[in-house]
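We will go from stop to stop, selecting residues as we go.

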Amino acid sequence: MSQTSPDFPAQQLADKNAGKTMGLAFILWFFLGVFGAHRFYLGRYISGACFVIFWLLVVGAFLTVNFSSLHWAIFLAGFMALWYLGDLIWLVIVFSSGTIGKKS
């Protein structure tokens, strides 16, 4: 398959994630999801790093509890909670679409 093919990125992602299991991805999401472990496991390093950075911002804002940062902490915590729960749906969609977990 040539690199100019429109399917090249999808094929490359499928090859990289061949053999990844949905069960382990869900376990990582449930126990270490706030650190983006499931995204690192599935090769989504940038969004996994964003998870870590955003949660560090949330924790930092709560640790420096003052009224000027509290509203930002609540906003970021709500945003991250939605992203965390959205990843549950994302995991189901990604594994059911066949781009992850299938060995070719």
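Start at S47. Is S47 buried or exposed? At 16% relative accessibility, S47 counts as buried, because buried means under 20% relative accessible area (exposed is over 50%, partly exposed in between; 1.4 Å probe, protein chains only).

A word on what you are viewing. This is a predicted model, where local features need pLDDT of at least 70, side-chain atom pairs count only at pLDDT 80 or more, and totals for chains, interfaces and linings use all residues. Residues are numbered from 1 along each chain as its sequence is written, and side-chain values use heavy atoms, with hydrogens and water left out.

**Stop 1: around S47**

S47 sits in helix α4, residues 45-63. Helices (H or I, at least four residues) and strands (E, at least two) are DSSP runs, numbered from the N terminus. Now show R44. Its backbone oxygen lies 3.3 Å from a polar atom of the S47 side chain. Contact here means heavy atoms within 4.5 Å.

**Stop 2: H38**

Select helix α3, residues 37-41, and find H38 in it. H38 counts as buried, at 0% relative accessibility. Which side chain forms a polar contact with that of H38? Select D87: the two side chains are joined by a polar contact of 2.6 Å. A polar contact is a pair of N or O atoms within 3.5 Å; within protein, one must be able to donate a hydrogen and the other to accept it, and residues adjacent in sequence count only if both atoms are side-chain atoms. Leaving aside neighbours within four places in sequence, H38 is also in contact with other residues, including F51, W90 and L91.

**Stop 3: the salt bridge**

A salt bridge is a side-chain nitrogen of Lys or Arg within 4 Å of a carboxyl oxygen of Asp or Glu. A search of the whole structure finds one. D87 is buried, with a relative accessible area of 1%. R39 is buried too, at 9%.

**Stop 4: helix α2**

Select residues 22-32, helix α2. Here A25, L28 and W29 are buried. Look down the axis of α2: its buried residues fall within an arc of 100°, so they line one face of the helix. That arc is taken from the directions from the helix axis to the C-beta atoms. Now turn to the face away from the buried side. It carries the exposed residues F30 and F31. Go back to H38 for a moment: among its contacts are A25, L28 and W29.

**Stop 5: the annotated spans**

UniProt, in an unreviewed entry, places the feature "transmembrane region" at residues 20-38, 45-65 and 71-95. Such annotations may be inferred rather than shown by experiment. Select residues 45-65. The span is 90% helix and 0% strand, with end C-alpha atoms 30 Å apart. Then select residues 71-95. This span is 100% helix and 0% strand, and its end C-alpha atoms are 36 Å apart.

**Last stop: the whole chain**

Zoom out. How many helices does the protein chain have? There are five helices and zero strands. Buried residues make up 30% of the 104 residues.
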